[in-house]
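Please examine the arrangement of the helices, the sheets and the metal site in the structure shown here. The report below treats each of these topics in turn.

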Amino acid sequence: MDGSLSFPVATPPAPGETVPIAPGVYWLRMRLPFALNHINLWLLEDGPGWTIVDCGYALDETRDSWERIFAERLVGQPVQRIIVTHYHPDHMGLAAWLAERWNAPLWTTEKEWLHARMMAQDVGEASAAARRDFAHRAGLDAEASTVFAERQGNYRRGVPAVPESYRRIGDGSKIEIGGREWRVIIGEGHAPEHACLYCAEAGVLIAGDQILPRISPNISVQTYEPDGDPLARYLASLKKLRAALPPDILVLPSHNLPFYGVHERIDELAAHHGARCDDVIAACIRPTSAAELLPVLFRRVLDRHQVGFALGEALAHLHYLEGQGAVERDMDQDGVHRFATM
Ligand SMILES: [Zn+2]
């Protein structure tokens, strides 16, 4: 799938190590306790100090890796700022710990900060019940719905705390880092107001999870917005990014390897969703729930973590096609939503 991309550095840094990847930018990698087992983070030279972009999931070994980097890489200069691309736990996870460790401010977008704060509070039985209802509506049985609700309610495991305050960045914000200007480009669909950071002078995009080279970013309907259409937002964001970015930049993604070929990858991602939509339309000749779509969309056995992502992703395609007028929704007597072509 990535034949049109090129990867300038084939070997990622081990946890606790750093690799210079672009002018003033170091690549770090931390472990994740999932099938997707790593995240890339970035350390930027910033005058008499450093800016960190994304934080890692809250694991003791990730704190240890950070401490090793602080001891070996920072040459005695402080971390002055922590930028977080979006609220997901592998990105926001250690933000509060880092902010306290360095007495440094968190910079992020308004919706990402609000989402992180909301998810960290979202631990009551009422929201667990809403998540079970969401899974039931999508066609999971009672046991699977309970597993889904518990897993989705687990935000605080990866994000024990979210800073009490933040500095807002938004679409078009200009941030000076180490004498270079970085511009914020907002993407939607994967997260509500995901910040990508583009430095024209260095020819580099810190893409977060908005554009990934080997996997398709998760685009999921969320339990707190059960009728949402995130795929429409994501596809619109891909168009916007393609128009804003020159073709020859180096893309620094949060997972897999840095790559060249941003336009090709954007086109592949759009084509991927187009093909999945075709599969969904073919399956919907008879009324089909999101749960019944999983074997159509994902031709591998899914673990429980992946079922959560997959269910939201199946719904995203169904809602998108409903918005396009390609399928219609009906509810059966058990309250399960099924979609069919007209
Ligand atoms: Zn993410």
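## Helix packing

In this predicted model, helix α6 (residues 142-152) packs against helix α11 (residues 304-323) at an angle of about 90°, and their axes are 10 Å apart. Angles of 65 to 115 degrees count as roughly perpendicular, and α6 and α11 are therefore roughly perpendicular to each other. On the side of α6, the contact is made by E143, V147, F148, R151 and Q152. On the side of α11, R304, H305, G308, F309 and L311 take part.

Helix α11 also packs with helix α10 (residues 290-297), at an angle of about 100° and with the axes 9 Å apart. These two helices, α10 and α11, are therefore roughly perpendicular to each other as well. Here A290, A291, L293, L294 and L297 of α10 meet A310, L311, A314, L315 and L318 of α11.

Strands of a sheet pair through backbone hydrogen bonds, either parallel or antiparallel.

The bridge partner of I83 in β6 is W107. Strand β5 is mostly covered, since four of its five residues are buried.

## The six-stranded sheet

A second open sheet has six strands in the order β8-β9-β10-β11-β12-β13, and its pairing is mixed. Strands β8 (174-177) and β13 (259-260) stand at the edges with a single partner strand each, so one side of each has no neighbour in the sheet.

Strand β9 (residues 180-187) pairs with strand β10 (residues 194-199) in the antiparallel sense over five bridges. In β10, L197 is the bridge partner of V184. Helix α8 packs on this sheet, where it touches β9 and β10, and its direction makes about 155° with that of β9.

## The zinc site

Which atoms coordinate the zinc ion? The donors are H86 (NE2), H88 (ND1), H190 (NE2) and D209 (OD), at 2.1 to 2.2 Å. Along the chain, these donors follow the spacing H-x1-H-x101-H-x18-D. Two of them link distant parts of the chain: H88 lies in the loop between β5 and α2 (89-92), whereas D209 lies in the loop between β11 (204-208) and α8 (230-244), 121 residues away.

The angles among the four donor atoms are 90 to 171°, and the site is irregular. A tetrahedral site would require all angles to lie between 85 and 135 degrees. Are H88 and D209 buried or exposed? A residue counts as buried under 20% relative accessible area. H88 is therefore buried, at 15%, and D209 is buried too, at 4%.

Definitions and conventions. Residues are numbered from 1 along each chain as its sequence is written. This is a predicted model: local features need pLDDT of at least 70, side-chain atom pairs count only at pLDDT 80 or more; totals for chains, interfaces and linings use all residues. Side-chain values use heavy atoms; hydrogens and water are left out. Two strands pair if DSSP finds at least two bridges between them. Donors are N, O and S atoms within 2.8 Å of the metal (3.2 Å for Na, K and Ca); water is not among the atoms, so sites may look incomplete. Four donors count as tetrahedral if all angles lie between 85 and 135 degrees; four count as square planar and six as octahedral if opposite donors are over 155 degrees apart and all others between 65 and 115; anything else is irregular. Buried means under 20% relative accessible area, exposed over 50%, partly exposed in between (1.4 Å probe, protein chains only). Axes are lines fitted to C-alpha atoms, for helices over the stretch in contact, and angles run from 0 to 180 degrees between N-to-C directions. Angles under 35 degrees count as roughly parallel, over 145 as roughly antiparallel, 65 to 115 as roughly perpendicular and the rest as oblique. Contact means heavy atoms within 4.5 Å.
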